[in-house]
Amino acid sequence: MSPARVSLLVVTAVAVVAVVVLGIVQATRPVGRSAAPVAASTAPSAVPSRSPSPSPSPSLSPQGGSWAYQLQDYPRGRLDQLAAGPAGLVVIDLARDADTGYFSAAEIDRVRANGKRVLAYFEIGSIEDFRPEYPVLRRDAADLIANEWADWPGEYFVRYWDQRWWDRVVRPRVDQALRAGFDGVYLDTPLAYEEIDLAAAQGRDRDALARAMAGLITRISRYAKDRSPDFLIVPQNSPELRHQPGYTAAIDGIAMEELFFQATDQRCTEDYCAENLAETRALRDAGKFVLSVDYATRPADVRAACARYRAENFTGTVTVVDLDRTAPPCP
């Protein structure tokens, strides 16, 4: 459910979450959006060492730190506005156009030059039909593609535990993020373990699917950190995966959307809201930073969400579901 989906389809709810980073975040977790052409992705990619983080390092304190989340409609296709903004951490799509027009290392370096960190967004449990890998998968590995996501027409859950998904899609995207000089990856759709049709799960139940998703995130973390030890792994949503072996140690932070306000200006009062908050607090208490994102436009609701971030020691942003603009930092 990428922001590009918002441009192409009717928007429902997007997910994003807030970040508590104490200066420089310690490494222990999982994700980003980029993909090398599928045909060339089966061989290991040569990924040069990333340049060290610029000095000074970003200031992302629990009390007053900010982050920016924008996945489309960059002014003139450039990142200048994000580079000049107040946020210490920025999440953007791995690709400028959500397809094959990837941001260059020089563009990412210009954002990082002000001490910001930049995470590359991509999905690991689903694929949209406009992504460059999709037609090749549909042609050569159609059995990897499972049921369509009812809320996001044109997006499909995948058999993410299959080695071919790693070889053709996930590893090339991580490699692209490393080549471009991103500070880490922002991994969307871990929730695929709950949403994929069990008929497509090859005999796996939900518990086995959760283990497989945690295993994929752990694999991403190990692969990326072997090449760049400070590379940040930040999955979005599904904080309950912390109960899976190795997961908490593999991630550096967790991004959570709609902990307090659902799209749009609707207080999150369902039981699952409280459950998500409890699991997120547990990750925070385990030393992981929290990026929280809520969808609200009414000033009173924005203030209320920001007050919750301060109370919880989360780094938060209150924005719109299209993720097509930067939101002002919390007052």
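Student: How many salt bridges does a search of the whole structure find?

Tutor: This is a predicted model, in which local features need pLDDT of at least 70 and side-chain atom pairs count only at pLDDT 80 or more, while totals for chains, interfaces and linings use all residues. Residues are numbered from 1 along each chain as its sequence is written, and side-chain values use heavy atoms, with hydrogens and water left out. A salt bridge here is a side-chain nitrogen of Lys or Arg within 4 Å of a carboxyl oxygen of Asp or Glu. Searched on that basis, the whole structure gives a count of salt bridges of 19.

Student: Which residue forms a salt bridge with Arg112, and is Arg112 buried or exposed?

Tutor: The partner of Arg112 is Asp109, with the closest N and O atoms 3.6 Å apart. Both residues lie in helix α3 (residues 105-112), three residues or about one turn apart, where helices (H or I, at least four residues) and strands (E, at least two) are DSSP runs numbered from the N terminus. Buried means under 20% relative accessible area, exposed over 50%, and partly exposed in between, computed with a 1.4 Å probe on protein chains only. Asp109, at 35%, is partly exposed, whereas Arg112, with a relative accessible area of 3%, is buried.

Student: Where in the chain do Arg284 and Glu312 lie, and how many residues apart are they?

Tutor: Arg284 and Glu312 form a salt bridge whose closest N and O atoms are 3.1 Å apart. This pair links distant parts of the chain, since Arg284 belongs to helix α9 (residues 271-285) and Glu312 to helix α10 (residues 299-312), and their separation is 28 residues.

Student: Why are Glu312 and Arg308 separated by about one helical turn, and which residues are linked with them in a network of salt bridges?

Tutor: Glu312 and Arg308 are separated by about one helical turn because they are four residues apart in helix α10, and their side chains meet in a salt bridge at 3.5 Å, N to O. Glu312 is buried, with a relative accessible area of 7%, while Arg308 is partly exposed at 33%. The residues linked with Glu312 and Arg308 in a network of salt bridges are Arg281, Arg284 and Asp285.

Student: With which side chain does the side chain of Arg219 make a polar contact?

Tutor: Arg219 sits in helix α7 (residues 206-227) and, at 31% relative accessibility, counts as partly exposed. Leaving aside residues up to four places away in sequence, Arg219 touches Gln163 and Trp166, contact meaning heavy atoms within 4.5 Å. A polar contact is a pair of N or O atoms within 3.5 Å; within protein, one must be able to donate a hydrogen and the other to accept it, and residues adjacent in sequence count only if both atoms are side-chain atoms. At 3.1 Å, the side chain in polar contact with that of Arg219 belongs to Gln163.

Student: Which residues touch the most other members of the largest nonpolar core?

Tutor: A nonpolar core is a set of buried Ala, Val, Leu, Ile, Met, Phe, Trp, Tyr and Cys residues joined through side-chain atoms within 4.5 Å. Among the 79 residues of the largest such core, those touching the most other members are Ile92, Tyr160 and Ile220.

Student: In what order do the three strands of the open sheet run?

Tutor: Two strands pair if DSSP finds at least two bridges between them, and β6 pairs with strand β7 (residues 155-158) in the antiparallel sense over two bridges. The three strands form an open sheet with antiparallel pairing, in the order β5-β7-β6.
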